[in-house]
Amino acid sequence: MTAETDRETTEHRAGDDEPGADAGVGTSTGSASPKPSPQSDSVERAPIRDERGAWLVGALALVLGGVFVAVDLAFNQGKLIAPIDDAYIHLHYAAQLGSGHPFEYNTGDPVSTGASSLLYAFVLAVAHAAGLTGTALLAFAVAFGVGCFALTAVLVVKLGAALTGRVVGVWAGVLTAVSGPLLWGAASGMEVGLTAVLVTGSVLAFVREWGAAAFRWTPALAALLALVRPEGLLFAAMLSVAMVWTVRRVHGVRLGSMALSCLPLLIGVAQYTFYRLATGTFSANGVQSKSHLYDRPIFYAGEFLDRTFANIRGVVDHFNGLNNTDFVFPLALLFFLGGIGYLLVTRPEWRALCVAVVAGFALVVLSASTLSTALVHELRYFQPFLPLFLVFAATGGHALTRLVPRERERRATLHAVLLVMVLFTVVATPTWAVRLGRQAATIRDTDVSVGAWISGNLPPGAVVGVKDVGAIAYFGKRRVVDTIGLATNGLAEASNNGTGSLYEALRALPEGQRPTHFAVYEPWPGTAMQPFVDTGVFASPPMITFPVRTPPDLNNQRIVPFTDQRVYRADWTLAGSGDSAPVEGTVRDYLNVGSLHSEQRHAYEVNSSQPGWQPYTVLRRQGDVLDSGRTVIGGETFTAGGLTPGQPVRIATRVLSAAENREVRVRIDGRDAGVWRLPASPGVWETAEFTVPADLVTSSDVTVELEPTRPLLSPYPEYTSFGYWFVQ
């Protein structure tokens with residue numbers, strides 16, 4: 001069968017007006033007949049009906065998008081508010097970009113990668129440069145998202161018609177237009193609409209360009225998809241593989257066409273090369289902050305797999321529609337797999353595409369599931385792929401009706417099955433509108449209100465430490481420091497290690513960049529803030545408290561994980577007080593436990609006796625001494641430098657321990673130096689010393705190992721170490 005024959009067959013099937021038609025592959029089904037017939041006349045009229053149906057579905061999506069925006073306004077006294085703080089992160093990056101400060105979250109900052117969508121930031125930056133600021137820029141973002149969503153619905157109709165038939169295309173488009181999650185994402189101000197239209201558009205372009213195996217629009221759209229989201233890059237990469245395979249199968253080795261097909265991959269390489277050159281790492285700040293690879297002090301492969309597959313199970317549960325989130329209609333995942341299987345068996349021309357779609361979906365789910373935030377914010381990482389998912393799910397409904405033997409009953413059954421899908425979807429649509437409005441009101445209660453208060457009550461030179469970095473920076477008009485590390489480079493790792501490491505990183509900032517105030521909340525995401533209050537770094541009482549008054553949903557949840565947000569003055573009076581040695585003598589070296597910079601310089605590691613234990617850092621104050629420490633179960637390893645060989649070394653530490661077993665064996669460069677019994681200190685830290693004999697100090701650098709005296713058996717040594725001083 002030639003590629004041209006395939007193309008003609010596909011075009012005929014796309015215009016088929018019979019929902020039960022199931023033309024065999026390679027059969028012209030009347031297109032070769034020189035005489036007009038009722039069927040050929042139907043084929044000629046079908047494109048007109050297809051276009052009309054597609055644009056009617058697009059209009060439905062546009063109207064429903066407007067309804068969702070109206071609900072947002074109704075919940076917020078006529079003001080447009082985003083239902084998620086991350087939308088304001090994009091707006092702020094776009095405002096900076098449009099003002100000539102690309103990727104500087106604060107003017108003068110180094111480049112940061114807190115904007116997870118490069119392409120979307122540029123789209124919004126164009127609007128900002130055109131004069132849209134403040135809420136007007138948000139209005140543009142929402143209008144743009146709703147418009148992209150409506151266009152996506154149109155493309156879904158065309159794609160469904162091209163793959164299976166006109167009826168499937170129209171019903172898939174309706175499923176898309178009434179989808180609550182997609183309407184939520186389109187009206188959220190996020191990049192959901194733009195990503196969705198690029199996902200659907202690139203697949204439709206592949207279908208239309210497949211017949212000639214000459215891909216032009218497909219690699220261009222897929223390249224934009226690679227720029228809009230990290231998950232989009234993975235999906236675009238699979239489309240590139242399908243394009244290369246198709247070109248090679250039809251034309252053999254054509255380097256030009258194959259190179260053009262690899263354009264999305266080249267765009268991905270360029271993007272991450274930019275990250276590396278601009279920030280020193282290939283990992284974006286969001287990945288450093290949220291990924292299971294980085295978000296805890298010690299990486300355990302087993303824990304990584306456990307957490308990731310727990311997210312995968314959650315995603316599968318949502319896409320199968322059997323939980324109470326109403327993300328899709330019941331058993332949608334089974335219909336999707338049935339649609340894929342049906343096309344693989346009956347449509348050989350789409351096998352490469354089906355394999356690419358399945359592989360792309362699998363990579364998207366796997367990659368996003370490595371993030372601790374995979375299942376929050378209404379599964380926004382997965383929303384853009386929902387239209388394509390619905391196309392194949394509707395195809396699965398079509399495949400099911402092939403079991404009906406008679407054509408008339410088959411046609412009625414097809415409409416009935418797809419109608420049930422739509423009914424299960426549309427019955428949940430109003431709940432998503434209410435959810436959007438309630439969540440927008442919650443963001444107004446919290447981050448937007450805090451930003452407005454900061455703008456009117458803090459001096460222009462104030463520097464504000466924040467957990468939610470979007471609306472507070474966008475409306476507050478003050479320099480911000482992101483304690484979670486999305487917009488402030490270097491703080492993601494510190495935050496993931498605990499309060500002590502975050503304190504050390506903040507106090508190490510230049511004085512003009514160190515926060516003078518904090519606008520924070522207590523629970524995750526980010527590390528706990530209460531120790532900052534307890535130690536006096538946050539001056540009590542707070543300057544103002546913003547309680548969350550928005551009622552929770554029926555699951556007793558809100559879009560934010562906290563019940564109030566507070567603004568504090570910062571007090572750095574005791575910053576650095578923990579560095580002073582607690583013993584007399586000449587300090588040759590000092591390991592500040594909790595300071596990631598000091599720990600890295602001393603090759604510091606916690607050797608946990610129990611796999612899975614995380615040695616988080618703490619912040620503690622006694623009298624006028626404020627210090628960070630790290631909880632240990634087992635032992636530690638570190639290297640000290642600047643020593644004089646042949647002289648004994650006193651190792652002094654500030655330690656807190658109430659455990660039954662407080663004995664650790666000390667090894668110096670692998671040689672036994674004796675047992676160190678740490679003092680009992682259940683409520684306050686104590687100073688402890690251990691003397692290393694002179695004959696073990698054979699060089700200026702020594703490696704110290706503290707390990708359990710009974711390595712296998714509990715109780716293990718359990719203590720909090722705040723630092724080590726090496727005195728000679």
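Residues are classed here by relative accessible area, where buried means under 20%, exposed over 50% and partly exposed in between (1.4 Å probe, protein chains only). The structure is a predicted model, in which local features need pLDDT of at least 70 and side-chain atom pairs count only at pLDDT 80 or more, whereas totals for chains, interfaces and linings use all residues. Residues are numbered from 1 along each chain as its sequence is written, and side-chain values use heavy atoms, with hydrogens and water left out.

The structure holds 36 aromatic pairs. Rings of Phe, Tyr and Trp (its six-membered ring) pair if their centres lie within 6.5 Å, and planes under 30 degrees apart count as stacked, over 60 as edge-to-face and the rest as tilted. Phe103 and Phe122 form an edge-to-face pair, at 6.0 Å centre to centre with 70° between the planes. Phe103 lies in the loop between helix 3 and helix 4 (118–129) and Phe122 in helix 4, 19 residues apart; helices (H or I, at least four residues) and strands (E, at least two) are DSSP runs, numbered from the N terminus. Phe122 is partly exposed at 42% relative accessibility, while Phe103 is buried at 11%. A tilted pair is formed by Phe518 and Trp572, with 6.4 Å centre to centre and 50° between the planes. This pair links strand 3 (residues 517–520), which holds Phe518, to the loop between strand 5 and strand 6, which holds Trp572, 54 residues apart. Both Phe518 and Trp572 are buried. Ring pairs also link Phe235, Phe319, Phe327, Phe336, Phe361, Phe382, Phe385, Phe389 and Phe392 into a cluster.

There are 20 salt bridges in the structure, each a side-chain nitrogen of Lys or Arg within 4 Å of a carboxyl oxygen of Asp or Glu. In one of them, Lys158 meets Glu51 at 2.5 Å, N to O. Lys158 lies in helix 5 (residues 134–163) and Glu51 in helix 2 (residues 38–75), so the bridge ties together parts that are 107 residues apart in sequence. Lys158 is buried at 15% relative accessibility, whereas Glu51 is partly exposed at 35%. In the bridge of Asp627 with Arg654, the closest N and O atoms are 2.7 Å apart. Since Asp627 belongs to strand 9 (residues 625–640) and Arg654 to strand 10 (residues 649–657), the pair ties together parts 27 residues apart in sequence. Asp627 is buried, with a relative accessibility of 1%, and Arg654 is buried at 5%. Salt bridges that share partners join Glu191, Arg229 and Glu231 into one network.

Glu231 is also among the residues nearest the centre of the second largest pocket, together with Pro230, Gly286, Val287 and Leu371; 31 residues line this pocket. A pocket is an open set of points on a 1 Å grid over the protein atoms alone, where a 1.4 Å probe fits, with protein on both sides within 12 Å along at least five of seven lines; lining residues have an atom within 4 Å of a point. Helix 10 supplies the largest share of the lining, four residues. The 22 residues of helix 10 (residues 230–251) should span 32 Å at 1.5 Å a residue, and the end C-alpha atoms are 31 Å apart, which agrees; the expected span is 1.5 Å times one less than the number of residues. Just after helix 10, Gly252 takes a positive phi of about 80°.
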